[in-house]
Amino acid sequence: MSDTENRTLVQRALAGLVERRDVAAVAPFMREDFVHHRPDGDDSTKAEWLARVQAAFGPTDGMRVEVLHLLAADDHVLVHSRRRLPAPATSATPAAEVVVVDIVRIEDGLIAEVWEVIEPVASAAADLEWWAIGAAA
């Protein structure tokens, strides 16, 4: 598939998931042997990932997703997004906000793998100097 076709595939899959919050809408775009990789090493299969996303719909109700970049090269598509939860109505706590990078690998016209990196915006400044921690010791 071309870069444009891969990008379109990922856009269509995201539309069902993000705009309609419909897990069943994204499943046809995924290979049966799909693997989702998280930074903590907790990989999941297609069925496990779809179940996790479905379970997350309750706690993330009202979440706004803004896709900042959608880049395709060969069999990979990179999705850079900002996700915001509404602030709790009974709390002075600000809304939760994360920036996410998903690296999507396409195989045979379907999503085969996704690597996900999540950065909480509130802690981003501290995370920018992770290399200095070892140098100070």
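Me: How many helices and how many strands are there in the protein?
Reply: There are 5 helices and 6 strands. The model is predicted, so local features need pLDDT of at least 70 and side-chain atom pairs pLDDT 80 or more, while totals for chains, interfaces and linings use all residues. Residues are numbered from 1 along each chain as its sequence is written, and side-chain values use heavy atoms, with hydrogens and water left out.

Me: Why are strand 4 and strand 5 called a pair?
Reply: Pairing requires that DSSP finds at least two bridges between two strands. Strand 4 (residues 76-84) and strand 5 (residues 97-107) are joined by 9 and run antiparallel, so they count as a pair. One of the bridges links His 80 to Val 101 in strand 5.

Me: What joins strand 5 to strand 6?
Reply: Strand 5 pairs with strand 6 (residues 110-120) over 10 bridges, again antiparallel. Asp 102 has Glu 116 of strand 6 as its bridge partner. The two strands form a hairpin with 2 residues between them, and Asp 108 in the turn has a positive phi of about 55°.

Me: Which residues of helix 3 are called buried, and why?
Reply: They are Lys 46, Trp 49, Leu 50 and Val 53, called buried because their relative accessible area is under 20%. Seen down the axis of helix 3, they fall within an arc of 100° (taken over directions from the axis to the C-beta atoms), so they line one face. On the other side, Ala 47 and Ala 55 are exposed, which means over 50%.

Me: What do the buried residues of helix 3 pack against?
Reply: They pack against helix 1, helix 2 (23-26), strand 1 and strand 2 (44-45); a contact means heavy atoms within 4.5 Å.

Me: What makes up the lining of the largest pocket?
Reply: The lining divides into 24 nonpolar, 3 polar and 9 charged residues. Asp, Glu, Lys and Arg count as charged; Ala, Val, Leu, Ile, Met, Phe, Trp, Tyr, Cys and Pro as nonpolar; the others, Gly among them, as polar. The largest share, 5 residues, comes from helix 1.

Key: Helix = DSSP H or I, 4+ residues; strand = E, 2+ residues; numbered from the N terminus. Buried < 20%, exposed > 50% of the residue type's maximum accessible area, 1.4 Å probe, protein only.
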